[in-house]
Amino acid sequence: MVDKMKEIKVAPEKYQLQETRLQEKLDDGTTRCHLCLWRCKLKHGQRGFCQAHVNRNGTLYNLSYGIISAIDVGAIEDKPVKHFRPGTQVMSVGSYGCSFRCDGCHNLEISWGVSALDDLAKGESTSAYATPKELVDAAKRLGVQGIAFTYSEPAVWLEYVIDVSVLAREQGLYTVYVSNSFVTDEALELMAPHVDVLCSDIKSMDDAFYYDICKLATVDNVLASVKKAFDLGMHVETRTNIIPGKNDDVEGYRKIATWIKNNLGEDSPWHITRFFPAYKLSHIPMTPSESLWQAYEIAKEVGLKNVYVYDDKGCDCAESNMPVSKYLTGTEEEIYQIKKCAASCCGDEGIVVKKFEK
Ligand code: SF4
Ligand code: SF4
């Protein structure tokens, strides 16, 4: 039985591990995380695939609660979201860790975030920490109308996403969840009452594509998650980043467009974005305009009414953002001081996990 815990706890003033919001305690101190579809089963000392959750003596904790890797301010249209509060500005924010390992990821240091999360586990991290209130205050100060959780899969720090979203709504701000949709129904049910928009990738209609970036993920998993968010009443928009030789086939475009029309409606926006070479896909050239417009034509043939082509720019990555300290209050020394968990529950062991005890 999943322990949903109390929805909102008082967020700590100082960095400290937070109990994972969706966890199931099994025998022998083993605990299963139900935030994303990895559903990691972890023993004491083990961390999940995302590296952001750790089992300490039979309880799972989120290491990255409030740990901010990047902040940026821009138009909601850049997420990309075009049919929710157009013309407004959002503050985008991300942490560390992801449920996928995409060969063409543009923000590896953030999305995989292994060294940042290792440092947190060792109590040696100097990453920035902001309470939900501090983050919402920053958004108000910057004059934006919404907050977007992005740069990697937000399910891996859902505890913080929900706490921020609740406060944001109280302050009249909307929230956007930018996702790979390898997310459990339980996580969607937990977030849907508080988060306004889901902007989800549909990366491909080919299971082999997903297998390459996540051995467990299937097209059906992802589509079911997008549909679930839609059925729960979230405003949903979808995006496909077209990668030459990987997902640029006409039949694939047709299948995605048809699925959107049949499941989200003919008015549901589909965003078609250009791939730019990165990481293991550095040898693949950027997507030619013809491929983007071919997908557009097919979507129109299928009957989608709102199809957007981004012929000029790539993904919403965090490579060139300003330092986080530019957006938060406090001196650099305060913001980047060493983060050790403020709780005393782990005793002298601190939060060091087995990996480092060896
Ligand atoms: S959020 Fe992390 S720990 Fe939880 S199931 Fe997903 S990968 Fe595993
Ligand atoms: S491209 Fe997105 S889903 Fe893939 S590893 Fe990077 S952040 Fe995660």
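Predicted model: local features only at pLDDT ≥ 70, side-chain atom pairs only at ≥ 80, totals over all residues.
**Ligand 1.** I began with the shell of ligand 1, which holds 14 residues, and noted that Cys33, Cys36, Cys40, Gly48 and Cys50 come nearest. I then sorted that shell by class and found 10 nonpolar residues, 3 polar ones and 1 charged.

**Ligand 2.** Next I listed the residues around ligand 2, and they are Cys98, Phe100, Arg101, Cys102, Cys105, Ser111, Ser152, Glu153 and Asn180. By class, I count 4 nonpolar, 3 polar and 2 charged residues in this shell.

**Helix α9, faces.** Which residues of α9 are buried? I find Ser291, Ala295, Ile298, Ala299 and Val302 in that state, and because they cover an arc of only 100° around the axis, they sit on the same side of α9. The spacing recalls a general rule, that an α-helix has 3.6 residues a turn, so residues three or four places apart point the same way. On the other side of α9 I noted Ser289, Glu290, Glu297, Lys300 and Glu301 as exposed.

I then asked what covers the buried residues of α9, and the cover includes β14 (235-242), α8 (250-263), β15 (270-274) and β16 (307-310). Last, I looked just after α9, where glycine 303 takes a positive phi of about 115°.

Methods. Residues numbered from 1 in each chain as written. Chains lettered and ligands numbered in written order. Near = placed C-beta within 6 Å. Nonpolar A, V, L, I, M, F, W, Y, C, P; charged D, E, K, R; others polar. Buried ≥ 20, exposed ≤ 12 C-beta atoms within 10 Å, placed from the backbone. Helix = DSSP H or I, 4+ residues; strand = E, 2+ residues; numbered from the N terminus. Arc of directions from axis to C-beta. Contact = placed C-beta atoms within 7 Å.
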